[in-house]
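Hi,

Here is the structure I promised to pass on to you. Have a look at it first, and then read on for my notes on what turned up in it.

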Amino acid sequence: MAEQLKAVKGMNDILPPDSARWEWLEDAVRRVMRRYGYLNIRTPIVEPTPLFVRGLGEVTDIVEKEMYSFEDRLNGDPLTLRPEGTAGVVRAVAEHSLLYDGPKRLFYIGPMFRHERPQKGRYRQFHQVGVEALGFAGPDVDAEVILMARALWRELGLTDVRLELNSLGQPEERKAHRAALIAHFEAHREQLDEEAQRRLYSNPLRILDTKNPAMQALVEAAPKLMDFLGEASLAHFNAVRAALEAVGQPYRINPRLVRGMDYYNLTVFEWVTDRLGAQGTVCGGGRYDGLIEQIGGKPAPAVGWGLGIERVLALLEGAGVAVPTPVPDAYAIVPDVGALPQVITTVEALRAQGVSVQMHAAGPGGQGSFKSQFKKADASGARYALVFGGDELAQGQVTVKSLRDASIAQTLRPLAEAADWAASLRG
Ligand code: ATP
Ligand code: MG
């Protein structure tokens, strides 16, 4: 036998019945998006590498070490599997001048790729839901997108996620903070790890985002960006806070919250949980007013977030949230394969009426006994068995038998009028 090929490390198959949980979550996402008036956008998985280098910032974890980049084998163009969704959406919005007739509210669902060390809640292909509200400058939409995530937790029945909030101010404000930050870290150079040393002058803000536990105290004591904010930035932040307070959404201001990409300004936020260990950030986002211009579009303000589907599913599982698994309405038991023309005509008529029917099909050992077919019908989860026995078929009928409720009497139904009794099978 040939060697068994395996999926790439850190990239997972999503198999049934597990995939039903994914579909259930995606359905909930689409319901919430509709409620808030966000429209679906689908951009390519592969983008030009400079989009991410320019958009996310050169001195970021993603660009420095996590991207799957390669050259187009024909023309040598630098290409990258998207590590996040915002840059691609912004590129598409700019490329197609989507904002020409006003701001846009968009969402996406799809795979992202980062070359990280695989562990629970951290994969190399993972999946995000993202929202991007483009062309809106006010704190009202910051609050809107934050509350959309809350609406999703509620839709899913999740309770254990908390909101953390910060403001990164504007580039000029960050300049003053940057100088103070460098001075602080310079004074404690011996406590900086290698990465922080390297980033000290190129991107000191990134040091605040370190995952190194040995540096937490130093980071804790660093000058707070909040103290460098001017009036306008503070007013924006306070308006977001007031909106959250008005709807009773608790939050914690976390001055260390800087996010992993350079494109953010003003509001940044994360929805976090204590239930997923080190991978506790479920959803993160913020305002990115400079990004569109940075990648060559007409300047426009924007705000959005990205959410890790695997982490949300892990939370749901941990919380024991019951996810309905779809079962067929009926299972067609077919003792004699010669009856196929009649059987298939009937089940097709039922399906056309919206009934889900799983038809027994011959396995390698043949059609299987009546008894083994009943077992399969039971295991399928179907609520009814349709028994296409020889006696029934001779009279142009099929036996309908409840598999779940003994109090429902077995009935005989005419094959030719399947459309009329189909509704009685639908769940
Ligand atoms: P982390 O701090 O955990 O590395 P991040 O700040 O890099 O997260 P973002 O870039 O903000 O993450 O992505 C948004 C969300 O996508 C995260 O909050 C998380 O839920 C999810 N996510 C990010 N990276 C991964 C990954 N490698 N595997 C699974 N989910 C991920
Ligand atoms: Mg990360």
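Let me begin with arginine 259, which is found in the loop between strand 8 (252-253) and strand 9 (265-272). Please keep in mind throughout that this is a predicted model. Arginine 259 has a positive phi of about 70°, although it is not a glycine. At 11% relative accessibility it counts as buried, since the cut-off for that class is under 20%.

Serine 97 is also a non-glycine residue with a positive phi, here about 45°. Its place is the loop between helix 4 (86-95) and strand 5 (104-113). Serine 97 is partly exposed, with a relative accessible area of 41%.

There is a cis peptide bond to look at as well: it joins proline 16 and proline 17, and omega is about 5°. Proline 17 sits in the segment before helix 1 (19-36). I mention these spots because most residues other than glycine have a negative phi, and most peptide bonds are trans.

**Domains and the record**

How is the protein chain divided by the domain assignment? Domain 1 takes in 18-169 + 229-318, and domain 2 covers 330-425. The C-alpha centres of domain 1 and domain 2 lie 48 Å apart.

UniProt, in an unreviewed entry, places the feature "domain: Aminoacyl-transfer RNA synthetases class-II family profile" at residues 1-335. In the model, that span is 36% helix and 20% strand, and its end C-alpha atoms lie 36 Å apart.

Alanine 319 is worth a stop on the way along the chain. Alanine 319 lies in the loop between helix 12 (309-318) and strand 12 (330-333), and at 45% relative accessibility this residue counts as partly exposed. Its C-alpha atom is separated by 35 Å from that of lysine 104, and the two residues are 215 residues apart along the chain.

**Salt bridges**

The count comes to 25 salt bridges.

In one, the side chains of arginine 199 and glutamate 64 meet at 2.7 Å, N to O. Arginine 199 belongs to helix 7 (residues 194-199) and glutamate 64 to helix 3 (residues 61-66), so the pair ties together parts that are 135 residues apart in sequence. Are the two partners buried or partly exposed? Arginine 199 is buried, at 3% relative accessibility, whereas glutamate 64 is partly exposed, at 32%. This pair also belongs to a network of salt bridges that links Asp61, Glu64, Lys65, Glu195, Arg198 and Arg199.

Another bridge joins arginine 122 and glutamate 116, with the closest N and O atoms 2.9 Å apart. Here arginine 122 is buried at 11% relative accessibility, and glutamate 116 is buried with a relative accessible area of 13%.

Glutamate 348 is partly exposed, with a relative accessible area of 45%, and arginine 351 counts as partly exposed at 31%.

**A buried histidine and a surface patch**

Which residues does histidine 177 touch, not counting those up to four places away in sequence? The contacts are Leu205, Leu208, Pro223, Lys224, Leu225 and Phe228. Histidine 177 itself lies in helix 6 (residues 171-186). At 1% relative accessibility, histidine 177 counts as buried because that value is under 20%.

On the surface, Ile45, Val46 and Phe70 form a nonpolar patch, with about 210 Å² of accessible area together. Valine 46 has its place in strand 2 (residues 46-48).

Happy to talk any of it through once you have had the model open for a while.

Best wishes

Terms used:
Residues numbered from 1 in each chain as written. Chains lettered and ligands numbered in written order. Predicted model: local features only at pLDDT ≥ 70, side-chain atom pairs only at ≥ 80, totals over all residues. Heavy atoms only, no water. Patch = residues over 30% accessible without salt bridge, like charges linked within 9 Å, V, L, I, M, F, W, Y side chains within 5 Å. Areas by Shrake-Rupley, 256 points an atom, 1.4 Å probe, with all protein chains shown as cover. Salt bridge = Lys/Arg side-chain N within 4 Å of Asp/Glu carboxyl O. Helix = DSSP H or I, 4+ residues; strand = E, 2+ residues; numbered from the N terminus. Buried < 20%, exposed > 50% of the residue type's maximum accessible area, 1.4 Å probe, protein only. Contact = heavy atoms within 4.5 Å. Domains from an automatic or database assignment. UniProt positions renumbered as here; feature names shortened; annotations may be inferred.
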